[in-house]
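This report describes a metal site, a ligand shell and a few features of the fold. The sequence and structure are shown first.

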Amino acid sequence: MTKEKILIFDTTLRDGEQSAGASMSVEDKVNIASRLNEMKVDIIEAGFPFASKGDFQAVQKISKISKHSIVCGLARAQFKDIDCAGEALSNAKRKRIHTFISTSDLHMKYKLRMKKEEVLESIKKSIKRAQKFTDDIEWSPEDASRTDPDFLYKAIEIAINSGAKTINIPDTVGYAIPKEFGILIKNIKNNVYNIDKAIISVHCHNDLGLAVSNSLSAIIEGARQVECTINGIGERAGNAALEEIVMCLKTRKDKLPYFTDINTKRISLISHLVSTITGFTVQPNKAIVGKNAFAHESGIHQDGMLKNANTYEIMTPESVGLSSSELVLGKHSGRHAFRVKLSDLGYKFNEEKINKLFSKFKDLADKKKQVFEEDIFALVEDEQSVQKKMFIKLIDLSLTCGTGRKSEAKLNLNIFGEKKIIKEKGNGPIDAIFNALKGIIPNEANLIVYQVNAITKGTDAQAEVNVRLEENLMTVQGQGSDVDTMVASAKAYINAMNKLIMKRKKAKESKKTLLQTSDEELDKHVI
Ligand code: KIV
Ligand code: ZN
């Protein structure tokens, strides 16, 4: 049986970032993009350059570093958007412009306030404009699954005649069900006379939990590109999860004669990275990347596993980049074993970085008997966040707390290069720490999320803390890990404050975001 290739188009950095509260810094995006390159993703949608200065810079920087993946920038059907995307992509070895316009009656009437003929005209003009920058043009009819089919066929035909090489069919609101969505793709193949001149792509949202099923159904009917995100993050309930699509095609190749170029051994690492950067923890029972995805709890299952792993495992933990043995390293492990472990987990670091991490690992191993893979992921990410621009640093934390009294936190900090000691009381140690930190710079930030997770099992497990702060509609997320939950909490809050300072600076320079663009203003720009 000859197998056909499915192109993997990752939109973690664009649609994924549209998840409420999941904003990423430019450095975070570049970091994720370099992992996506190593993982052999075919296309990376790196951002929406016209939307903000941050997105523009991210697309620009990712264009420079992407050696394997095609870099794509999103643009509405407006010259300003398209020119901006073209400029941001100018350094890319291989670039794509993805332009879109709504085609459903609902969107055309209420959102665009445009007539069908105007939309068709706009498709032609936008694609022609994008050709100034590249031949690799993707076009999407937004809300395709709720679009009148005859109008959809016509719009696709025009898009292909105008030069679009990929036609992406989005289920924008996650409304479709698998059989129906497969039939839509089949009907497009049968009713659009020039469809053989383009690749059909699909972009499914997960509002009904069907994004992956709908994508697979579309593949069966002829789609050859799938748009997806790491951990399934994205607008509202998210997008189809990359790891689920890829592992499904790999595990069920007996029924699905397709392949992808994805190096699946990179999945766990990138899943962890995206979760840490966005602060969106992965639910334990999440397919492929959840903490329990390869854990066997019941005695009967454990017994079966010991006899033959195939009894309860349809894919191996190694295939997604986890080692089968849970225990990784301990206090007596040497530099060599540590270096090998980093490389097994997919990290490529120079000697200087390995030495830094090794000394952190030794500190951790002194506090914790057994160091697991999850601990190493956390250690690396903690070190990487320290490497970033830090306006505020934690030097030392001490606490007094107990029954029948107020807790007191004493923090020794470095704030903009100056050492300061701050003491504050609170209702419990966390409240005392956060009260102390709240006052160190003028701010109106509210704490909207405080979340603690044990990275591994046992009372000596490292705590991973996530906090989210909101100030004037600007959200930042901070994380910290440590064997001491209080220290991890202080690190997370400080990390969020550092990001807030950075974001305030950028917001000042930044253009108006699309979110702030009124409908009237939007109309003016429509070509
Ligand atoms: O969901 C959607 O329709 C989109 C388009 C921009 C493709 O994200
Ligand atoms: Zn989308």
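A residue is called buried when its relative accessible area is under 20%, exposed when over 50%, and partly exposed in between, computed with a 1.4 Å probe and the protein chains only. By this criterion I262, with a relative accessible area of 8%, is buried. I262 belongs to the loop between strand 10 (258–259) and helix 10 (267–278); helices (H or I, at least four residues) and strands (E, at least two) are DSSP runs numbered from the N terminus. Although I262 and I8 are 254 residues apart along the chain, their C-alpha atoms are separated by 7.9 Å.

The model is predicted: local features need pLDDT of at least 70 and side-chain atom pairs count only at pLDDT 80 or more, whereas totals for chains, interfaces and linings use all residues. Residues are numbered from 1 along each chain as its sequence is written, chains are lettered from A and ligands numbered from 1 in the order in which they are written, and side-chain values use heavy atoms, with hydrogens and water left out.

The zinc ion (ligand 2) is coordinated by D15 (OD), H203 (NE2) and H205 (NE2) at 2.0 to 2.1 Å. Donors are N, O and S atoms within 2.8 Å of the metal (3.2 Å for Na, K and Ca); water is not among the atoms, so the site may look incomplete. Along the chain, the donors follow the spacing D-x187-H-x1-H. H203 counts as buried at 5% relative accessibility, and H205 does so at 4%.

| Residue | Distance to an oxygen atom of ligand 1 |
|---|---|
| R14 | 3.0 Å |
| H203 | 3.1 Å |
| H205 | 3.0 Å |

Taken alone, ligand 1 exposes 260 Å², of which the protein buries 93%; accessible areas come from the Shrake-Rupley method with a 1.4 Å probe.

In helix 12 (residues 335–344), the buried residues are F338, K341 and L342. They lie on the same side of helix 12 because they cover an arc of only 100° around the axis, the arc being that of the directions from the helix axis to the C-beta atoms. G346, which follows helix 12, has a positive phi near 100°.

Methods
Polar contact = N/O pair within 3.5 Å; in protein donor to acceptor, adjacent residues only side chain to side chain.
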